Amino acid sequence: QCPLCMEPLEIDDVNFYPCTCGYQICRFCWHRIRTDENGLCPACRKAYSEDPAVYTPLSQDEIQSIIRERKHKDTQRKQKLTENRKHLANVRVVQKNLVFVVGLTQRLADPELLKKPEYFGKFGKIHKIVINNSTNYAGPQGPSASAYITFNKEEDACRAILAVSNAYLDGRTLKTSLGTTKYCSYFLRNIPCPKPDCMYLHEFGDEAASFTKEAMQVGKHQEYEQQLLANYAKKM
């Protein structure tokens with residue numbers, strides 16, 4: 001790459017050496033130095049001549065060879081990135097602005113209702129609510145729904161958890177916690193995600209908030225959450 005603009009050298013610049021000292025830069029930077037700046041080589045401070053010291057155009061065979069080499073290096077780089085991300089398939093990241101609520105009655109399993117000021121809307125601006133009507137959360141009070149509530153601000157999520165957890169509503173006890181999410185499978189393979197509304201992670205999450213499934217089974221993510229809530233409570 002060019003040491004000045006830090007851009008990869010164009011194929012036509014591979015054999016381009018504008019100064020006799022052998023310091024290589026791209027033709028764009030060479031032209032800029034000669035026309036807009038002091039006209040001196042950044043390495044030896046010698047004035048650039050009208051013509052480059054060395055410039056041998058590449059043959060078609062050389063050009064094709066460079067193209068193949070660059071493609072090979074790019075493929076290797078992507079494979080290495082994919083290998084480095086494989087372990088993340090087993091990782092979940094605590095989302096500090098995401099509240100997970102369990103124990104909702106069917107009446108409350110309504111995003112628009114939960115956004116109202118008398119419910120979760122009073123804690124702050126809500127970006128999105130996703131309802132899960134699965135009966136996996138059925139308890140002694142019968143089947144219930146759950147919800148993932150994404151707040152715009154992390155402190156609003158903490159405030160909601162502290163206020164709502166163990167609250168009794170519509171004959172049920174609500175349980176709240178910070179939600180977790182996983183990495184998008186496309187991100188793990190280092191390719192663009194085609195889903196504009198994908199809710200999974202497309203960038204590396206906070207390492208302190210990241211937990212393997214094994215760590216979550218022994219409650220490490222809950223310890224992390226309790227510390228966050230305790231720190232927030234001190235600021236209230």
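## Zinc finger region

The end C-alpha atoms of residues 178-205 lie 15 Å apart, and this span is 14% helix and 18% strand. In UniProt, an unreviewed entry places the feature "zinc finger region: C3H1-type" at residues 178-205. The structure described here is a predicted model.

## Domains

The domain assignment of the protein gives domain 1 as residues 1-58, domain 2 as 62-87 and domain 3 as 92-234. Between the C-alpha centres of domain 1 and domain 3 the distance is 55 Å.

## Helix α1

Helix α1 spans residues 27-36, and its buried residues are Cys29, Trp30 and Ile33. These residues lie on the same side of α1 because they cover an arc of only 105 degrees around the axis. Strand β1 (16-17) is included in what covers the buried residues of α1.

## Largest pocket

The largest pocket holds about 510 Å³ of space. Its lining is made up of 16 residues; those nearest the centre of the pocket are Leu98, Thr180, Thr181, Met199 and Tyr200.

Four strands, β3 (91-104), β4 (126-132), β5 (145-151) and β8 (175-182), each supply at least two residues of the lining of the largest pocket. The largest share of that lining comes from β3, with 4 residues.

Note on methods:
Residues are numbered from 1 along each chain as its sequence is written. This is a predicted model: local features need pLDDT of at least 70, side-chain atom pairs count only at pLDDT 80 or more; totals for chains, interfaces and linings use all residues. Side-chain values use heavy atoms; hydrogens and water are left out. UniProt positions are given in the numbering used here, feature names are shortened, and annotations may be inferred rather than shown by experiment. Domain bounds come from an automatic or database domain assignment. Buried means under 20% relative accessible area, exposed over 50%, partly exposed in between (1.4 Å probe, protein chains only). The arc is that of the directions from the helix axis to the C-beta atoms. Contact means heavy atoms within 4.5 Å. On a 1 Å grid over the protein atoms alone, a cavity is a set of points where a 1.4 Å probe fits but cannot get out, and a pocket is an open set with protein on both sides within 12 Å along at least five of seven lines; lining residues have an atom within 4 Å of a point. Grid points are joined across faces, edges and corners, and a volume is the space filled by probe spheres set on the points.
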